[in-house]
Amino acid sequence: MSKLTAPKSHTFTDRMFRRFFLPTLLSALGWALGDVADALFVGMRLGKVGLATMSIVAPVYMIYNVLDVGIAVGASVKYAQALGKGDAKTGVNCFSQMTIVSVITSIAVGIIGLLGMPFILRFLGAGSQHSELWNYTKEYLQIMFIGAPFTFLYFLLYYCVRCDDNEKLASAGYTIGFLTDVVASAVFIMGFKLDVRGAIYATVLGKAVGVLIFLFHFTRKWTILRFHFVKLELKTITSALKTGMSSSFGYVGQFIALLVVNKLLLRIGGSSGLAVFNVVQDVSYVALAIYTALGDTVQPLSATFYAEHNKTAVKRIMSLGMLIGIMSGGVISMVFAYFAPLVCRLFGLSGTSIITGSFAVQMFCLSVIPAGINIIWSSCFQAIKKERLVFLINQLRTFVCFLGLALVLSHFGLKWFWFTFLCAEILTLIIWVPVAISKKQDESSKVFTYLLDTNSSDISELLLKAEEFCDKNNANMKQSYCVSMCVEEVCQAIIENAFNQKGDEYIQLTLCFEKDGTVVIHMRDNAVKFNPFAMKTGSDYDDDEQLASLGIQMVKTKSKSFFYRRYSGFNTLTVEVE
């Protein structure tokens with residue numbers, strides 16, 4: 001594989017990363033604030049019993065997340081991979097099928113939850129029947145199950161709209177949805193005195209607002225993402241679920257861990273210990289929001305570049321994610337550790353609970369950076385079809401290591417329990433890193449990348465290297481000719497019709513031999529919006545324009561398939577040659 005020289009090689013990856021990351025960061029912060037707001041206002045209103053209620057219902061959210069996030073992530077990754085390969089039809093079909101699956105699943109979850117409410121309450125450990133804790137938990141869950149369809153559609157639309165070159169609208173819907181939750185929580189809980197009902201009313205309202213905003217994406221003419229009523233295909237659904245569930249299934253382990261830990265803390269620390277644990281969880285939502293944003297940025301970009309076989313770009317995306325994550329994680333940890341007592345007071349803790357809570361928050365802060373590393377790499381592995389590694393990481397950090405260490409450390413007292421977060425994240429790293437290194441594969445001989453700088457590079461040099469690459473991989477004469485023709489005609493059309501010849505104009509080319517012998521050409525340029533495949537011939541064109549258009553027509557005739565889209569601020573082309 002030819003290696004691009006920095007910093008020109010980062011022209012596309014860095015800009016695409018920034019374009020995704022900033023809106024995604026706002027979304028992650030909005031999500032964190034929405035979750036914190038519920039606990040914050042409930043804690044202010046009801047004190048320890050309110051915070052205990054929020055801890056009791058937390059395991060149900062884990063089961064929700066297994067399904068709604070699993071469906072959403074699976075659909076979005078498969079959609080991004082399909083469009084990265086230039087196969088919009090497959091991407092749209094997958095989205096349509098997973099939308100139907102999402103709606104059916106959400107309705108089933110709601111019905112099962114409402115019918116099985118007494119059993120669920122006992123299973124969660126909501127105390128004796130008709131006690132204050134029991135009633136609060138029941139009120140919360142009833143509304144939660146009724147609003148299930150909004151929650152499922154909210155995540156599905158967010159993840160998929162983001163992958164359809166509309167990350168700004170996705171971020172707006174996600175952020176406004178959670179800010180609606182924050183404001184509504186204050187109004188319903190503190191104003192209308194609805195207690196825990198106010199918290200879940202606000203949550204459902206926020207999801208509904210977000211869904212309405214996401215739907216505006218489908219009113220735009222350039223949108224590729226569309227919903228069609230389609231026949232469900234088991235192969236498509238299971239493939240998407242396999243990808244999505246590799247990370248979301250970790251919530252099952254987290255569900256079990258939370259059930260055990262809740263009961264464990266009630267035994268060794270009483271309601272005060274459970275309230276402190278809830279505070280630590282809420283702090284984690286904000287402290288880890290930066291990593292949620294980085295993971296959500298890395299995932300669609302890595303899926304796109306992986307589909308293009310551009311490993312150099314995947315590595316660059318991961319380098320940016322890790323650099324930002326480590327630097328920002330250190331700052332966030334120090335801030336929360338310093339203001340730990342104030343944070344505990346804000347959540348309604350008092351007396352000795354503040355001392356315990358402050359220590360717990362500070363111990364959690366030590367785990368922020370290793371947790372962030374695990375989250376970012378998990379997102380990357382999910383995008384590049386290493387689902388087993390994703391499953392391993394998430395099961396280790398949320399279930400196996402966390403629960404095992406919690407049970408061991410709690411024997412030494414409540415104070416030692418708070419070291420669980422740090423130890424679990426570090427042990428997870430120690431286990432999965434050697435496994436990932438041992439599974440590393442090198443297929444670079446099948447991939448060729450080149451950065452065409454229109455100021456200093458010559459197309460003839462690119463064509464020569466492309467021809468050498470084809471010869472190296474035993475391409476037949478027809479393939480070599482078609483590849484050279486496609487590269488030359490498309491590059492020439494872009495340079496002559498889209499570039500302004502003022503410098504800093506690039507075309508990035510990736511050639512790949514697929515397993516079936518097909519050669520796939522991926523091209524990305526930073527010109528103004530221009531689709532060379534839309535060029536037409538006709539008597540109203542002058543000679544130069546007609547000649548350029550005829551060249552593109554030849555490309556369309558000789559190629560197996562061709563695809564164009566404007567993605568993340570750049571023109572993206574895919575051509576397949578048999």
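The tour of this predicted model goes from a helix to a loop residue and then to salt bridges.

**Stop 1: helix H19.** Select residues 459-472. Now colour Ile459, Leu462, Leu463, Ala466, Phe469 and Cys470, which are buried. Look down the axis of H19: the buried residues fall within an arc of 120°, so they line one face of the helix. Their cover includes strand E1 (447-453), helix H20 (477-497) and strand E2 (506-513). Just after H19, click Asn474, where phi is positive at about 60°.

**Stop 2: Asn526.** Find it in the loop between strand E3 (519-525) and helix H21 (543-558). Asn526 is buried, at 18% relative accessible area. A polar atom of its side chain lies 2.9 Å from the backbone nitrogen of Tyr506. Asn526 also touches residues including Thr11, Phe12, Arg15 and Phe570.

**Stop 3: salt bridges.** The whole structure holds seven. Select Glu308 and Arg524, whose side chains meet at 2.6 Å, N to O. Glu308 sits in the loop between helices H11 (289-307) and H12 (311-338) and Arg524 in strand E3, so the pair ties together parts 216 residues apart in sequence. Buried or exposed? Glu308 counts as buried at 2% relative accessibility, and Arg524 counts as buried at 2%.

Next, select Asp165 and Arg19, a salt bridge of 3.6 Å, N to O. Asp165 is buried at 11% relative accessibility, while Arg19 is partly exposed at 32%.

Terms used. Residues numbered from 1 in each chain as written. Predicted model: local features only at pLDDT ≥ 70, side-chain atom pairs only at ≥ 80, totals over all residues. Heavy atoms only, no water. Helix = DSSP H or I, 4+ residues; strand = E, 2+ residues; numbered from the N terminus. Expected span 1.5 Å × (residues − 1). Buried < 20%, exposed > 50% of the residue type's maximum accessible area, 1.4 Å probe, protein only. Arc of directions from axis to C-beta. Contact = heavy atoms within 4.5 Å. Polar contact = N/O pair within 3.5 Å; in protein donor to acceptor, adjacent residues only side chain to side chain. Salt bridge = Lys/Arg side-chain N within 4 Å of Asp/Glu carboxyl O. Lists of a residue's contacts leave out its neighbours within four places in sequence.
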